Amino acid sequence: MRVGVVGAGISGLMIVRALAERDVDVVAFEARDEPGGIIRSRRIDGRVVELGPQRLRLSEPIESLVDDLGLREQLRVVDADQPLYMYHGDRLRVVPLSVREALSTDLLSPLGKLRMLAEPLTRPARPGETVDEYLVRRFGSQAARRYIGPLYSGLYGTDPREMLFEYSLGRALERAGVGRSLVVWLLRRLLSGRETPPICSFDDGLGTLTTALYETYADRIALDTPVERIVTDDGGYRLITAERSTRVDEVIVTTPAPTAARLLGDVDADLADTLDRFAYNPISMVFLDSEFTGEGIGALVPPGGELPISGSTWNASFLGRDGLFTCYVDANSDPEMNSRSDDDLGRLAADAFETLTGAPATAIGVHRWNPGMPAYDRSWIALNELSPPDGIQFCSNFVGRPGIPGRIRNATRLATRITDDA
C-alpha cells in the first residue's frame, strides 16, 4: 500500500511520521517551500514571532514528541501563573480561570457569578442552538457575553451569535469528556488535583517542532510542490503536480476545505461542492513593539465594536520575547480588514493596543491568514453531507479540532486506522 498526503502542516507531518513508523510507503506534497502550515516562526528585528499559534501546552504526547525529536534543550517552559484579561467597560478585567480569580474578578457581578452555579440545573443543548443561545441559557447573559463566549469564539473570529453549538463548542466539550454539566466537570477536575500541563515554546519558536519533524522524514516529503489536482486511477488515485504524476492507493488531504474542494473536483464533483460550502474567517496578525511592562498572557476583546481587534498576546510577558506583542484583527472586529494595507492594519492595531494597555506601540510586521480559521457558522451543516469516496481521507481543521494537540491525535488515529484496515 502506498499513501499520498496532501499538505505538510502539523497534520500532514504527523501522518507521515505515524505511517513511516508502521513501515507504510508514504509520500507527502507541500505547496509552500517550508513545512509547518500554520505553525511557522520568523525573526523580525531579532525577535521570534509566531505566524500562527503563540504557545503550546506541554501535555504528555507533546513532551514525548519533543524528546523523540531531540528538542529538550531548545524547549522553553514558561511561568503561566499570569492572568488573562477581557476588555470590558473601557478597561481590562481578569478572566476567571481559577477559583481565586472567580471570586476576585470584577468582570462579573456577584449575581452574575451566582447565576453560573445554576448551570447544572439547566437543560442540555437544543437542536439548532447557537453558541450564544446555549451559553446565555445555561450560564446567564453576563457570563456568556463577557466571559465564556469571547473566550471560546475569539479563537475563530466568529460572533457567538453566528456559531452553531453542535458543530463548534459542542464538539469540543464532547471530546473533552465534559458530559452534561461544565461546572460539575470543572469542580471534579479541581478536586482531583490534576495539574494543567505548563505552557511551552522553543527558543526559536514553535516552528522548531515542525521543522524537526520535516527534517526527520524529509525523504518522504516534497516541499514547494503543490498538488494541482487528484484523479482516479484503476482502483487508486494519482496526485498531479507540475513535474510528475504519483500513483497512490490512499489519499489523505490535510488542507483547508476550499483547497480540498479544488483538488477533488475531478474525483467527486458533489463532494467538491460540499467542501466549498464551509466558511472560513480570514485573520490578520500584527506584531508590535512596545515598552508595556504589564504581566499577563494577553487580553481578549468581545465582539461589539469597543476596539477593532479581537485580542492580543503578550509574548513579552509570559514568553520572555522582549518588547513583543501580537494583535489579532478579523472581519468581525474590523469589517474593513481585507481592504486595508499592511501599514493601515499596523497603525490600527497599535492604536488599539495603546487603548487596551495605555502603552504606545509600533507595528513591526503583519501576517495574513486566508482562508484563516473555521467559522463554525451555519455553513458547517455541510458536515452532515461530507461523504468522501473510498480511499480519500480528511485530516484537517474542518473535520477535527484546530488545536495542535487535537491535530496530532487525529493524525495518529487516522494512520492507525489505515494500517489496521490494510
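**Exercise 1. The largest cavity**

Task: In this predicted model, find which element gives the most to the lining of the largest cavity.

Solution. 
Step 1. Start with the count. There is one cavity of 30 Å³ or more. The largest cavity holds about 40 Å³ of space.
Step 2. Name the lining. Ser59, Pro61, Ile62, Pro405, Ile408 and Arg409 line the largest cavity.
Step 3. Two or more lining residues come from α2 (60-68), and two or more come from α14 (404-421).
Step 4. Pick the top contributor. α14 gives the most, with three residues.
Step 5. Sort the lining by class. Four residues are nonpolar, one is polar and one is charged.

**Exercise 2. The second largest pocket**

Task: State the volume of the second largest pocket, then say which element gives the most to its lining.

Solution. 
Step 1. Take the volume. The second largest pocket has about 210 Å³.
Step 2. List the lining. It is made of Arg175, Pro388, Gln393, Phe394, Cys395, Val399, Gly400, Asn410, Arg413, Leu414 and Arg417.
Step 3. Look for elements. β20 (392-394) and α14 each supply at least two residues of this lining.
Step 4. α14 gives the most to the lining of the second largest pocket, with four residues.
Step 5. The lining has five nonpolar, three polar and three charged residues.

**Exercise 3. The nonpolar cores**

Task: Which residues of the largest nonpolar core touch the most other members?

Solution. 
Step 1. Recall the background. In soluble globular proteins, nonpolar side chains tend to be buried together.
Step 2. Size the core. The largest nonpolar core has 57 residues.
Step 3. Helix α6 (residues 141-153) does, with five residues.
Step 4. Zoom in on Leu275. Leaving out residues up to four places away in sequence, Leu275 touches Ala257, Ala260, Ala261, Leu264, Leu386, Phe394 and Phe398.
Step 5. Look for another core. A second, separate core has 41 residues, including Leu13, Leu58, Ile62 and Phe202. Ile62 also lines the largest cavity.

**Exercise 4. Strand β7 and its partners**

Task: With which strands does β7 pair, and in which sense?

Solution. 
Step 1. Take β16 (residues 298-300). β7 and β16 pair in the parallel sense over three bridges.
Step 2. Find a bridge there. Met86 has Leu300 of β16 as its bridge partner.
Step 3. Take β8. β7 and β8 pair in the antiparallel sense over four bridges.
Step 4. Find a bridge here too. His88 has Arg91 of β8 as its bridge partner.
Step 5. Inspect the turn. The hairpin of β7 and β8 has two residues between the strands. Gly89 takes a positive phi near 65° in this hairpin.
Step 6. Judge the surroundings. Four of the five residues of β7 are buried, so β7 is largely enclosed by the rest of the structure.

**Exercise 5. Thr313**

Task: Is Thr313 buried or exposed, and which residues does Thr313 touch?

Solution. 
Step 1. Locate the residue. Thr313 is in strand β17 (residues 311-313).
Step 2. Use the cut-off of under 20% for buried. Thr313 has a relative accessible area of 5%, so it is buried.
Step 3. List the contacts, leaving out residues up to four places away in sequence. Thr313 touches Gln54, Arg55, Ile297, Gly298, Phe318, Phe325, Thr326 and Tyr328.

Note on methods: Residues are numbered from 1 along each chain as its sequence is written. This is a predicted model: local features need pLDDT of at least 70, side-chain atom pairs count only at pLDDT 80 or more; totals for chains, interfaces and linings use all residues. Side-chain values use heavy atoms; hydrogens and water are left out. On a 1 Å grid over the protein atoms alone, a cavity is a set of points where a 1.4 Å probe fits but cannot get out, and a pocket is an open set with protein on both sides within 12 Å along at least five of seven lines; lining residues have an atom within 4 Å of a point. Grid points are joined across faces, edges and corners, and a volume is the space filled by probe spheres set on the points. Ala, Val, Leu, Ile, Met, Phe, Trp, Tyr, Cys and Pro count as nonpolar, Asp, Glu, Lys and Arg as charged, and the others, Gly among them, as polar. A nonpolar core is a set of buried Ala, Val, Leu, Ile, Met, Phe, Trp, Tyr and Cys residues joined through side-chain atoms within 4.5 Å. Buried means under 20% relative accessible area, exposed over 50%, partly exposed in between (1.4 Å probe, protein chains only). Contact means heavy atoms within 4.5 Å. Two strands pair if DSSP finds at least two bridges between them.
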